[in-house]
Amino acid sequence: MPRRQFATYASILTVAMIAFILGFPFLLFALARAIHCAPDTCGAVGLVLGLYGRMLGVLLYGIAMLTVISARCRRAGLSSWWVVASLFWLLAARDALMAGLNFWAVGFSLGILSFQWPITLIFFFAVVTFLSLWKGPDENGSEPPRKSWKMVQGSAALSAIIGAVLCIPLFVTLAWIGGRRLINPLSVIMFPQHYLYVRIGTHFITLTTALWVLLLVFAGALIHILVSQRRANLQVPPTRFSRPVS
């Protein structure tokens with residue numbers, strides 16, 4: 001997929017998803033008014049629509065975005081591991097995508113009483129932005145600086161691994177639903193945050209702290225790559241002091 005086409009599709013899908021999330025409370029309210037549900041049944045209607053309607057919207061958005069990312073990576077000569085990393089980033093942000101601006105009972109039924117900043121979602125949108133701006137070999141773009149590209153790959157790989165760790169409760173729950181009841185999902189819900197940390201004196205370095213640090217490295221390296229490519233593409237007009245090329 002060409003870069004401009006990818007940028008167009010990704011922008012349309014993301015804007016549609018943001019509009020869907022922001023307008024979801026109004027959609028629930030309009031539906032409740034349209035069907036004239038009783039006070040004791042409106043809650044059940046809101047729960048069912050809020051759970052399955054939001055799940056369907058998030059699922060369609062995720063599949064569509066992973067599809068266009070895969071198409072762009074193939075065209076630009078990038079590894080398919082970027083698609084895998086994007087998948088883990090989206091799955092790790094499931095709490096915000098499912099419970100954010102949704103009916104309160106949805107988060108309660110899913111065990112999401114509160115959620116933090118979806119840091120992995122920022123990783124995801126950073127990659128989408130990079131793929132929309134970076135000119136790959138298909139556009140005769142310059143090669144990214146090796147050091148910056150290694151930093152991008154390293155920070156992306158570590159953040160994707162952390163995202164996979166944060167998805168352990170989801171994987172265990174899906175296995176439990178599928179009949180593989182080896183571990184109780186309730187015993188692993190708080191496992192990533194309560195047990196995976198490093199204590200230095202009175203300070204705790206959690207997975208969230210590590211993600212913020214990796215995000216700074218990741219974003220800084222991506223910006224350096226884009227700026228370096230733009231400088232390489234700029235053609236400085238010759239001056240009277242320039243030496244002629246023999």
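Student: Which residues does Cys37 touch, not counting residues up to four places away in sequence?

Tutor: This is a predicted model, in which local features need pLDDT of at least 70 and side-chain atom pairs count only at pLDDT 80 or more, while totals for chains, interfaces and linings use all residues. Residues are numbered from 1 along each chain as its sequence is written, and side-chain values use heavy atoms, with hydrogens and water left out. Contact means heavy atoms within 4.5 Å. Not counting residues up to four places away in sequence, Cys37 touches Ala32 and Cys42.

Student: Is Cys37 buried or exposed?

Tutor: Cys37 lies in the loop between α1 (3–35) and α2 (39–76). Buried means under 20% relative accessible area, exposed over 50%, and partly exposed in between (1.4 Å probe, protein chains only). Cys37 has 17% relative accessibility, so it counts as buried.

Student: How many helices and strands does the protein have?

Tutor: Helices (H or I, at least four residues) and strands (E, at least two) are DSSP runs, numbered from the N terminus. From the N terminus on, the order of elements is α-α-α-α-α-α-α-α-α-β-β-α. The count is 10 helices and 2 strands.

Student: What share of the accessible surface belongs to carbon and sulfur atoms?

Tutor: Accessible areas come from the Shrake-Rupley method with a 1.4 Å probe, and for residues only the protein chains shown count as cover. The protein has 246 residues, of which 35% count as buried. Its accessible surface comes to about 15,400 Å², and the share of carbon and sulfur atoms is 69%.

Student: Where is Ser86 found, and which residues is Ser86 in contact with, leaving aside its neighbours within four places in sequence?

Tutor: Ser86 belongs to helix α3 (residues 81–92). Ser86 is buried because its relative accessible area is 0%. Beyond its neighbours within four places in sequence, Ser86 is in contact with Leu66, Ile69 and Phe124.

Student: Which residues of α3 are buried?

Tutor: The expected span of a helix is 1.5 Å times one less than its number of residues. With 12 residues, α3 reaches 17 Å from its first C-alpha to its last, close to the 16 Å expected. Its buried residues are Trp82, Val83, Ala85, Ser86, Trp89, Leu90 and Ala92.

Student: Which residues is Thr120 in contact with, leaving aside its neighbours within four places in sequence?

Tutor: Thr120 sits in helix α6. At a relative accessible area of 3%, Thr120 is buried. Leaving aside neighbours within four places in sequence, Thr120 is in contact with Trp89, Ala92, Ala93 and Leu211.

Student: At what angle do helix α6 and helix α10 pack?

Tutor: Two packed helices are described by the angle between their axes and the distance between the axes. Axes are lines fitted to C-alpha atoms, for helices over the stretch in contact, and angles run from 0 to 180 degrees between N-to-C directions. Helix α6 (residues 119–133) and helix α10 (residues 207–233) have axes 10 Å apart, at an angle of about 10°.

Student: Why is α6 described as roughly parallel to α10?

Tutor: Angles under 35 degrees count as roughly parallel, over 145 as roughly antiparallel, 65 to 115 as roughly perpendicular and the rest as oblique. Because the angle is about 10°, α6 and α10 count as roughly parallel.

Student: How many nonpolar, polar and charged residues are in the contact of α6 with α10?

Tutor: Residues in this contact include Phe123 and Val127 of α6, and Leu211 and Phe218 of α10. Ala, Val, Leu, Ile, Met, Phe, Trp, Tyr, Cys and Pro count as nonpolar, Asp, Glu, Lys and Arg as charged, and the others, Gly among them, as polar. By class, the contact has 15 nonpolar, 3 polar and no charged residues.

Student: What is the span of α10 from its first C-alpha to its last?

Tutor: Among the buried residues of α10 are Leu207, Leu214 and Gln229. The helix has 27 residues, and its expected span is 39 Å. The span in the model is close to that, at 39 Å.

Student: What separates the C-alpha atoms of Ile162 and Leu211?

Tutor: Ile162 is in helix α7 (residues 146–166), and at 12% relative accessibility it counts as buried. Its contacts beyond four places in sequence are Leu207, Ala210, Leu211 and Leu214. Ile162 and Leu211 are 49 residues apart along the chain, and their C-alpha atoms are separated by 7.8 Å.

Student: How far apart in space are Leu214 and Met151, C-alpha to C-alpha?

Tutor: Leu214, in helix α10, counts as buried at 13% relative accessibility. Beyond its neighbours within four places in sequence, its contacts include Phe123, Ser155 and Ile162. Leu214 and Met151 are 63 residues apart in sequence, and C-alpha to C-alpha the distance is 9.5 Å.
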